[in-house]
2 protein chains.
Amino acid sequence: MVPSREIRLKSRPTGALSAANFDLATVQVPEPGAGEVQVRNHWMSVDPYMRPRMNDVKSYVPPYEVGKPLDGGAVGEVIASRDPKFAKGDLVQSGLGWREVFNAPASTLRKLETRGLPPQTFLGVAGMPGLTAYVGLMKIAALRPNDVVFVSGAAGAVGQVACQIAKIKGHKVIGSAGGPEKVAWLKEIGVDEVIDYKAEKSIRQALARAAPDGIDVFFDNVGAEHLEAALAMSKTFARFVLCGAISQYDTAEQPAGVRNMAVMVPRRLRLEGFIVLDHADQNQPFFRDMTEWLTSGRIKWQETVEVGLENAPTALMNLFKGANLGKMLVKLA
Amino acid sequence: MVPSREIRLKSRPTGALSAANFDLATVQVPEPGAGEVQVRNHWMSVDPYMRPRMNDVKSYVPPYEVGKPLDGGAVGEVIASRDPKFAKGDLVQSGLGWREVFNAPASTLRKLETRGLPPQTFLGVAGMPGLTAYVGLMKIAALRPNDVVFVSGAAGAVGQVACQIAKIKGHKVIGSAGGPEKVAWLKEIGVDEVIDYKAEKSIRQALARAAPDGIDVFFDNVGAEHLEAALAMSKTFARFVLCGAISQYDTAEQPAGVRNMAVMVPRRLRLEGFIVLDHADQNQPFFRDMTEWLTSGRIKWQETVEVGLENAPTALMNLFKGANLGKMLVKLA
């Protein structure tokens, strides 16, 4: 028996998350059974999509269950193995975050080859968020020469990668983020025009100054007013890649609404929502390109780390306050 | 010299059109010059897109000019020709509606072969509105087996064709229109479920009853509340073909806004605005299919006719009141 702590969903939030929605419980993990591996998590991912999963709504992933531990991306170390494919000390990726130690069938784990990168990058720039940025720009938007690219949530886990991929591909990039620290980071990674949306009265007007001739691609992580501004400043045949709408996840209020959808007809716009899980065909090209970009230093990243499982709920709540620069992570061991 | 009357834009409307925005003028049309043809219009088209063209806004067609005649699709008869390709009595299509008689270079006219159809159908079901419905469903939505198709403005010039093409292709079709006469017409042409949006408190709830399992394709001519309802009832991977937003053309008020755009991400929706002019590749397949459907009686149509050029402004104003069943036309001679 190994003691482990886990975070459970205590109650479904109505509106903004609070500590009362979470439970910290201690369990005893038995020896792994035949074909199972025992893992101690080192890092867990904290992602915007986790918030809608707390609601009792059918979606592309089932909702979290009240009284049960949450889950999500994690990187850990094998501490016991009853499967020949894994040995003690192996680093593994799993979908069993929000807990310290677990047993799982070997088939549900992926051995992590870090290729010299810090292991937690495989929850960020080299993992799902990086792949999301890659799929959104390379496949959904299908970047074309001279596209002007606007990224909202530009200093987040996905946004920071989207900005840099678009720069590598030679585009003018406008990024929106909240606060001077994020603005400075985006300038450091070469974003051409940075909008501090918290300091602007009108995102639309700020975007008009940043991209006076309009935008060809919008990579949206935020929704609502950002989407309305991007529609207003769209060029003919612009493509909008809708990746997330974080402004709307942690609230019970319905957003004000996007009032200028009618421009989509005369401008022939295309808006497309996507989920990275549908695009496994991009795994290999992403792996190849991102390895090169990271090892050559062409792509940089930021991460914001909370330490200790007990602080994971705070990390998630902070995500919706925009407190993270880059990828939000919890360090568990 | 031949006397002719024409409708000019007297002033740009601010909000809903009124008679004061139009001028009826009489001009003398000289003999046609070399290479020119003189035409007397028999029919002119009245289309929703004409309203935004009255605003001073850059779009895919230049705005109408104050003091100049309006223009638009028309069918007429050659009354004099100084080009060997046209003879007196030929029926021709042109972009020079809103006037009775005109001279134009032969190259700007298209000889009309009616193939036994009434000539005005080439302004409707067999012309641009029919092609618009065809392009939207066959190319933009790219109908797939078992798609449930929702059409707004279903009893209009484009909508009535979209409903029938979707039925011919074997789909369940839900149509929305305003008033019992339109509802009866849509039932007559085989629409499976008809929503009288004027009689419903909530389009969303009416759509939920009509398509309890959701919709795969939305062909939108209306925008605003219809779009919000369709988003609410969209199935995963649904495709929205945005053809028009007539609810928003004849008003200075900004619409309430579409509040549920965030569903686009988890449901992986695609929304695409289009303009039929971009899709000349569909002319031949449309011509082939529509000729067959019309001559076999598989596609029926309605038209609403005002008589006399002086009533063309009324016809246009009535379009935004939903007074037309099917294609809105003005009979000139």
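**Entry 1: B:Asp220**

I note here that the model is a predicted one. I placed B:Asp220 in strand β11 of chain B, which covers residues 215–220.

I then listed the contacts of B:Asp220, leaving aside residues up to four places away in sequence. The list holds B:Ser152, B:His226, B:Leu227, B:Ala230, B:Phe240, B:Val241, B:Leu242 and B:Cys243. I also recorded a separation of 8.1 Å between the C-alpha atoms of B:Asp220 and B:Phe150, which are 70 residues apart along the chain.

**Entry 2: helix α6 of chain B**

Since B:His226, B:Leu227 and B:Ala230 are among the contacts of B:Asp220, I turned to helix α6 of chain B, residues 225–232. I describe this helix as largely enclosed by the rest of the structure, because six of its eight residues are buried. The buried residues of α6(B) are B:His226, B:Leu227, B:Glu228, B:Ala229, B:Ala230 and B:Leu231.

Against which elements do the buried residues of α6(B) pack? I found β8 (148–151), β9 (172–177), α5 (203–210), β11 and β12 (234–242), which belong to chain B.

**Entry 3: strand β8 of chain B**

I found β8(B) joined to β9(B) by four bridges, the two strands running parallel. Within this pairing, B:Val149 has B:Val173 of β9(B) as its bridge partner.

**Entry 4: positive phi in chain A**

I checked backbone angles. Most residues other than glycine have a negative phi. I recorded A:Trp98, not a glycine, with a positive phi of about 65°. A:Trp98 sits in the loop between β5 (91–94) and β6 (101–105) of chain A. I class A:Trp98 as buried because it has 28 other C-beta atoms within 10 Å.

I recorded A:Phe237 as well, a residue other than glycine whose positive phi is near 65°. A:Phe237 belongs to strand β12 of chain A, residues 234–242. I class A:Phe237 as partly exposed because it has 13 C-beta neighbours inside 10 Å.

**Entry 5: chain A as a whole**

I counted seven helices and 15 strands in chain A. Its C-alpha atoms fill a box of roughly 65 × 45 × 35 Å along the principal axes. For 333 residues, a compact globule would have a radius of gyration near 20 Å, and the 20 Å of chain A agrees with this. I noted that 52% of the 333 residues in chain A are buried. Of the contacts in chain A with a separation of 6 or more, 66% are between residues 24 or more positions apart.

How is chain A divided into domains? I noted domain 1 as 2–123 + 302–331 and domain 2 as 128–278. The C-alpha centres of these two domains of chain A are 29 Å apart. To their contact, domain 1 of chain A gives 17 residues and domain 2 of chain A gives 17 residues. On the side of domain 1 of chain A that touches domain 2, I found eight nonpolar, seven polar and two charged residues.

**Entry 6: the two copies**

I superposed chain B on chain A by a rotation of 180°, with 0.0 Å of shift along the axis and an RMSD of 0.0 Å. This is the relation of a two-fold axis. In chain B, B:Gly257 comes closest to the rotation axis, with its C-alpha at 2.1 Å.

The contact between the chains takes 30 residues from chain B and 30 residues from chain A. On the side of chain B that touches chain A, strand β13 (residues 270–273) gives the most, with four residues. By class, I recorded 17 nonpolar, seven polar and six charged residues on that side of chain B. The copies meet through the same surface, because 100% of the interface residues of chain B are also interface residues in chain A.

Note on methods: Residues are numbered from 1 along each chain as its sequence is written. Chains are lettered from A and ligands numbered from 1 in the order in which they are written. This is a predicted model: local features need pLDDT of at least 70, side-chain atom pairs count only at pLDDT 80 or more; totals for chains, interfaces and linings use all residues. Two residues are in contact if their C-beta atoms, placed from the backbone, lie within 7 Å. Copies are superposed by least squares on the C-alpha atoms of residues with pLDDT of at least 70 in both. Domain bounds come from an automatic or database domain assignment. Ala, Val, Leu, Ile, Met, Phe, Trp, Tyr, Cys and Pro count as nonpolar, Asp, Glu, Lys and Arg as charged, and the others, Gly among them, as polar. The radius of gyration is taken over C-alpha atoms; the globule rule is 2.2 Å times the number of residues to the power 0.38. A residue is buried if 20 or more other C-beta atoms lie within 10 Å of its own, exposed if 12 or fewer, and partly exposed in between; C-beta atoms are placed from the backbone. Two strands pair if DSSP finds at least two bridges between them.
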